[in-house]
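Good morning, everyone. Please have a look at the chain on the screen, and then I will walk you through a few of its residues.

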Amino acid sequence: MIGSVIVEAVIYNAQSLKDKRAVLQSIASRIRQQYNVSLVESDHQDVWQRTEWAIVSVGTARTQAEKELQRALAVIDNHHSLEVTNITWEWL
């Protein structure tokens with residue numbers, strides 16, 4: 001089972017692309033180290049205060065993939081530097 005999540009977020013404190021990248025790299029490295037998911041910034045790369053991430057997990061069962069995605073989302077949602085504005089799920 002393949003699960004994907006598109007996460008849109010706003011980074012209010014970013015004053016430059018460098019600030020944005022610092023926040024995103026911190027979150028992404030933590031997620032990649034702890035969870036079995038792939039993560040990429042899929043849109044808004046040139047915008048200071050917006051981001052869109054695509055996160056994908058593959059598992060033998062939907063519950064397994066969903067659990068990994070939920071854990072990754074919790075890291076993003078609990079980060080103090082950004083606010084999640086939209087989440088879209090898709091299953092293949």
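Let's start with Gln49. Gln49 sits in the loop between β2 and β3, and β3 covers 50-58. The strand and helix names here are DSSP runs, numbered from the N terminus: helices are H or I with at least four residues, strands are E with at least two.

Before I go on, a word on the source. This is a predicted model, where local features need pLDDT of at least 70 and side-chain atom pairs count only at pLDDT 80 or more, while totals for chains, interfaces and linings use all residues. Residues are numbered from 1 along each chain as its sequence is written, and side-chain values use heavy atoms, with hydrogens and water left out.

Now the contacts, meaning heavy atoms within 4.5 Å. Setting aside residues up to four places away in sequence, Gln49 touches Ala9, Val10, Ile11, Tyr12, Ala14 and Gln15. Then there is Ser16. Gln49 and Ser16 are 33 residues apart in sequence, and their C-alpha atoms are 8.2 Å apart in space.

Next, the strands. β2 and β3 pair antiparallel, over 5 bridges. Pairing here requires that DSSP finds at least two bridges between two strands. Who faces whom? In β3, Val56 stands opposite Ser38, and Ala54 stands opposite Val40. β2 and β3 form a hairpin, with 6 residues between them.

His44 lies in the loop between β2 and β3. Its phi is near 65°, a positive value in a residue other than glycine. Most residues other than glycine have a negative phi. His44 also counts as buried, because its relative accessibility is 15%.

Now into β2 itself. Glu41 lies in this strand, which spans residues 38-43. Glu41 counts as buried, because its relative accessibility is 17%. Which side chains does Glu41 meet in polar contacts? Lys20 is one, at 2.9 Å. Thr51 is another, at 3.0 Å. A polar contact is a pair of N or O atoms within 3.5 Å; within protein, one must be able to donate a hydrogen and the other to accept it, and residues adjacent in sequence count only if both atoms are side-chain atoms. Leaving out neighbours within four places in sequence, Glu41 is in contact with Lys20, Arg21, Leu24, Arg50, Thr51, Glu52 and Trp53.

On to β1. β1 runs antiparallel to β3, and 9 bridges join them. Ile2 belongs to β1, residues 2-10. Its bridge partner in β3 is Val58. Ile2 is partly exposed, because its relative accessible area is 33%.

Leu73 is in helix α2, residues 62-77. Leu73 is buried, because its relative accessible area is 9%. Not counting residues up to four places away in sequence, Leu73 touches Val5, Val7, Ile87 and Trp89. Ala14 is 59 residues from Leu73 along the chain, and their C-alpha atoms are separated by 21 Å.

Last, Ser81. Ser81 is in the loop between α2 and β4, where β4 is 83-91. Ser81 counts as buried, because its relative accessibility is 14%. A polar contact of 3.4 Å joins its side chain to that of His80. Beyond neighbours within four places in sequence, Ser81 is in contact with Val10, Ile11, Tyr12 and Val23.

How values were computed. Buried < 20%, exposed > 50% of the residue type's maximum accessible area, 1.4 Å probe, protein only.
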